[in-house]
Amino acid sequence: MGLAGNPPARKRVLFVDHVDRILGGGEINLMELLSRASMRKGWEIGCATAPNGELRKRLKKLPIVHHDYFLPPRLNSLRFVDGSNCFLFSFRVIQDLIKARGKLVQACELFSPDVTITCTNKDHLIASTISRKLLGKAIWWCNDILSREFFTAAPLVVVREAMLRSADHVVTVSHYARNALTASGIPESMTSVVHNGIDKEAFAKAGVADLQHFGVPEGVKLIGFVGRFTPWKGPELFLQIAEERIRQGGREHFVLVGSSFNEEGNYERRLREKAAAISLAGRVHFIPFQEEVAPVMRNFSLLMHTSIKPEPFGRVVIEAMALGVPVIAARAGAIPEILKGGVYGTSVPAGSIEAYVQAIDPTLDLGGAKAEKPFHFGLERVMREFELLVDATCEPSGLYQAR
């Protein structure tokens, strides 16, 4: 309680995310968190997002204050992971950074945050150029693994120096991602882990989608892949596993749910061409990105997570767990933090077609187990941990006990 019995002042928390088209895991995590945070009395929430973007449309129904913030097209399309780092320091990109910074400064002036939580690498960097007087405390919510497994040297150096200079605290979505930061020289004391979560009860109430209009026959067992069609997520490996399983006499059908980003359209076309090959014809089905994926996943007898690089978290794995769909996942990155004890499924060496195929029959058997299973990835836990983090970061010491 405050003075004279008054309740403590609400903390003004500004979330910053520039993404305006295809929403990634970070944006889904943000929407989930805000669905709970907007109902809390202790926070007044602002969001700096693209005014006509998909993220803004999804957040409109929540009682939060919206501020316009977007990146010019050239900066928006720049990817730190594609090797074109020479453009990072080009004159035109610097001009774009100045424009984007101006939008975020305006949002901070209007909202006057106590805490600013940035959600993507570009947002971290732009916020790092703004004074603390405007930003308040700066928390970086990192949904990536900041290592050479995903990024080339130049952006890693830039992000690391900005983090050391301007972040009060850095939140990662897994211990694996946190360890990558500490290995790069970020002090462990300024980092912590908040595993992602979902509203299991709401997720489990989802109905069952009719997949016949996607060409999926009725009454067959389905093995599914859900995710972005990009090489490191392993959709091509999924097709190779399907091919080997079919060669060995397996009768299941295989479903890929997702889409590619614009620049990876050629890769998706190659996937579809491979799926049309004689050995897979009629047994592999593509379903476009689904805003609500649970009704589709309810049709699966098994989910395969086939990433060939370490996974920062692996949201699709906990979605399957919430629905009781058994999982075979690549044993890399955060997956060992999620799949423990073989209750929900098993992990196998990343990239091993043989290991995936051998795991199919014993993992399918897990789908028949009806006993209640422990689930540690609820959304309420995420909200509590962020509340503690924001409270501690706002303390005069600025110290937060890392998990």
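Hi everyone, thanks for coming. Please keep in mind that we are looking at a predicted model throughout.

Let's start with the sheet that contains β1. Seven strands make up this open sheet, with parallel pairing, in the order β3-β2-β1-β4-β5-β6-β7. Which strands stand at its edges? They are β3, residues 65-68, and β7, residues 191-193; each has a single partner strand, so one side of each is left without a neighbour in the sheet. From one strand to the next, the twist averages 25°.

Now zoom in on one pair in that sheet. Strand β1, residues 11-16, and strand β4, residues 115-118, pair in the parallel sense over 4 bridges. Helix α8, residues 175-183, lies across β6 and β7, and runs at about 165° to β7.

On to the other sheet. Here 6 strands form an open sheet with parallel pairing, in the order β10-β9-β8-β11-β12-β13. The edge strands are β10, residues 284-287, and β13, residues 345-348, and each pairs on one side only. Ignoring direction, neighbouring strands of this sheet are turned by 20° against each other on average.

Let me stay with β11, residues 302-305, for a moment. In a regular strand, side chains alternate between the two faces of the sheet. Are the faces of β11 covered or uncovered? Both are covered: Leu-302 and Met-304 are buried on one side, and Leu-303 and His-305 are buried on the other. Strand β11 runs parallel to β8, with 2 bridges joining them, and Ile-223 stands opposite Leu-302. Strand β11 also runs parallel to β12, this time with 3 bridges, and Leu-303 has Val-327 as its bridge partner there. Helix α13, residues 315-323, lies across β8, β11 and β12, at about 165° to β11. Helix α15, residues 353-364, lies across β8, β11, β12 and β13, at about 155° to β12.

Next, the charges. The count comes to 21 salt bridges, and I picked out a few. Asp-391 pairs with Lys-11, with the closest N and O atoms 3.1 Å apart. Asp-391 lies in helix α16 and Lys-11 in strand β1, so this pair ties together parts that are 380 residues apart in sequence. Asp-391 is partly exposed at 33% relative accessible area, and Lys-11 is partly exposed at 23%.

Another pair is Arg-315 with Glu-32, whose closest N and O atoms are 2.7 Å apart. Arg-315 belongs to α13 and Glu-32 to α1, so parts 283 residues apart in sequence are tied together. Are these two buried or exposed? Both Arg-315 and Glu-32 are buried.

There is a network as well: salt bridges that share partners join Arg-36, Arg-40, Asp-199, Glu-380 and Glu-387.

Last stop, the surface. Ile-94, Leu-97 and Ile-98 form a nonpolar patch there, with about 250 Å² of accessible area together. Ile-98 sits in helix α4, residues 91-111, and counts as exposed because its relative accessibility is 56%, where exposed means over 50%.

Key. Residues numbered from 1 in each chain as written. Predicted model: local features only at pLDDT ≥ 70, side-chain atom pairs only at ≥ 80, totals over all residues. Heavy atoms only, no water. Patch = residues over 30% accessible without salt bridge, like charges linked within 9 Å, V, L, I, M, F, W, Y side chains within 5 Å. Areas by Shrake-Rupley, 256 points an atom, 1.4 Å probe, with all protein chains shown as cover. Salt bridge = Lys/Arg side-chain N within 4 Å of Asp/Glu carboxyl O. Buried < 20%, exposed > 50% of the residue type's maximum accessible area, 1.4 Å probe, protein only. Pairing = 2+ DSSP bridges. Axes fitted to C-alpha atoms, helices over the stretch in contact; angles between N-to-C directions. Contact = heavy atoms within 4.5 Å.
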